[in-house]
Every structure is written in structure tokens, then in C-alpha cells.
Amino acid sequence: MISVKKKIIVANWKMNPVNIAAAKKLFTGIKEIARNLSKVQTIIAPPAPYLSELTKLYKGHRILFSGQDIFWEEKGSFTGEISGTMLKDLGAACVIIGHSERRARGESNEDIHKKIQAVLQTGLTAILCIGESDRDHKDGTHLAFLTSQLESALGGISKGKLSKVVIAYEPIWAIGKSKDDAMKPEELHETVLFIKKVVTNSFGKSAAFKVPILYGGSVEKDNAGTLLTEGMVDGLLVGHASLSVREFGDILRSAQEVS
Ligand code: PEP
């Protein structure tokens, strides 16, 4: 169970590192730091084939494991797909859904909605990624875009199930670059308020304000603390910087310091 009272820091390893030996080394390095941080909920999202080996290396609650995607069916003729139950059996507590790299490869809002329902049905936590590809401050089309992503993903979900949803706001224009290209904290704060408003419109304030909102997009050790404090987010989703023990360790320590 994710602790929402802590800062939630998710490591999205994507299709890295290259083999299980390297994955174990990276995980072990991160574990030595994360297990000492009482105010941080660290979540590692490795490639699914690594889960069973990595989960053997840690049994506490300060680190949880996540999948990077699931398919919505439980079983059947769906070559290459993985169900929520399969991930859960391997030790995952959460699943990233709707990452922009998957959306870019054809995943639709409808697919994402079905995946969220399947994640919640399985009792896992969904880390729902949303984010615009560019921003036009004059006409605000990015806000309409975020609204439609949120409404289509979460439409029909019960208020009770919302407690198993984390929203990761990842503006696509800021992903995979360096700290200078990350979103500015004040702009992030405005967007976080906007996301809370959209979720409130569908679920009411008390349920909506409990949904943790993370930021992702070129988080590195030097901007992590400011994004958390001035951006007013509950945590961070970290891509490239999560592949270095030193860099990710510093991000985790920044989260501990600002909590
Ligand atoms: C991501 O792809 O989810 C991400 C946040 O990547 P990066 O940190 O490399 O921008």
C-alpha cells in the first residue's frame, strides 16, 4: 500500500538496464539509500521480467514495486501482454498507465480507461500519466487537453476506487531533457491546482484532494527539491535520473529533506 503521507518518488526505468545483473546492482544501490528514508515512499518500476528477482532483494514498505503497463484482459490469446494479476503475483503494488511513450505508440484514451479499470479491479494502484505535448498560453488548449485525458481515464470510476489512483503530470515537452528544460515550479503549481479542480468536478473535493499528484519531466538532483516545495506536488516520477544510484539517491534525499 502506497503511503500518501510521504513524498512519493517513482523510478521509471523504462527498458533499462540491459540485463538482470545490472538491474540488481542498480536496485541494491538505491535500496541502501531508500530504506533509511522515513519520509519517502520510493517506488521502482523496472521492466516486468526483472520484478521477480528484484522483489527478492527487499521485503519492507519503504520501497514498493510497480509495473510500467498492463493489458486489461485477465487471460487469453493476447501475445506479449501481461495482466494485472500477473504483475501482482510478481510483487508489484502499482502500475504506470498511459505513459506518453506508450500513447505515442498508439495507446488511446479508451485503452487507458480500460487499463485503469483493470488495475483497480486487481487491487493495484494506478499511476495515471497525463500531459500535453506543447503549451499555448494564449488559448489554453493544453488545459482542455488535460481535462479530456483526465475525464476519459477516470470516467465511471467509483469515488471509493479513486483512493487507488495517483496522477503523474508529465508535460511531454519536458520529458527526457535536462533540469533547465523542466517545468518552472510556479507554472507547475498552477497546473496542479487545475488538475485538482478537474478531479473535484467529477468526484467532489474531499475525494479529489486526497489523490496524490506527481510531476515528471527532466527531474534531476538539482531541481527535485524546488519542484516538490514550490511546485506543490506530492512526489516525482523520474526517468533518466533514476538509472544512476548517485543521482536518484540525491533526489530521494532531497525529498526526505523537504518533507
Ligand atoms: C518519463 O519519461 O516518465 C520521465 C519523467 O523521463 P525523464 O525524467 O527522463 O524526463
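Mentor: On a 1 Å grid over the protein atoms alone, a pocket is an open set of points with protein on both sides within 12 Å along at least five of seven lines, and its lining residues have an atom within 4 Å of a point. A volume is the space filled by probe spheres set on the points, which are joined across faces, edges and corners. Here the largest pocket has a volume of about 510 Å³. This is a predicted model, where local features need pLDDT of at least 70 and side-chain atom pairs pLDDT 80 or more, while totals for chains, interfaces and linings use all residues. Residues are numbered from 1 along each chain, and side-chain values use heavy atoms, without hydrogens and water.

Trainee: Which residues lie nearest the centre of the largest pocket?
Mentor: Of the 20 lining residues, those are Lys 14, Pro 47, Gln 68, Asp 69 and Arg 102.

Trainee: Why is the pair of Phe 71 and Phe 78 called tilted?
Mentor: Rings of Phe, Tyr and Trp (its six-membered ring) pair if their centres lie within 6.5 Å; planes under 30 degrees apart are stacked, over 60 edge-to-face, the rest tilted. Phe 71 and Phe 78 are 4.9 Å apart, centre to centre, with 50° between the planes, so this pair is tilted.

Trainee: Why is Phe 71 called buried?
Mentor: Buried means under 20% relative accessible area, exposed over 50%, and partly exposed in between (1.4 Å probe, protein chains only). Phe 71 has 11%, so it is buried.

Trainee: What makes Phe 78 partly exposed?
Mentor: Its relative accessibility is 33%, so Phe 78 falls in between.

Conventions. On a 1 Å grid over the protein atoms alone, a cavity is a set of points where a 1.4 Å probe fits but cannot get out, and a pocket is an open set with protein on both sides within 12 Å along at least five of seven lines; lining residues have an atom within 4 Å of a point.
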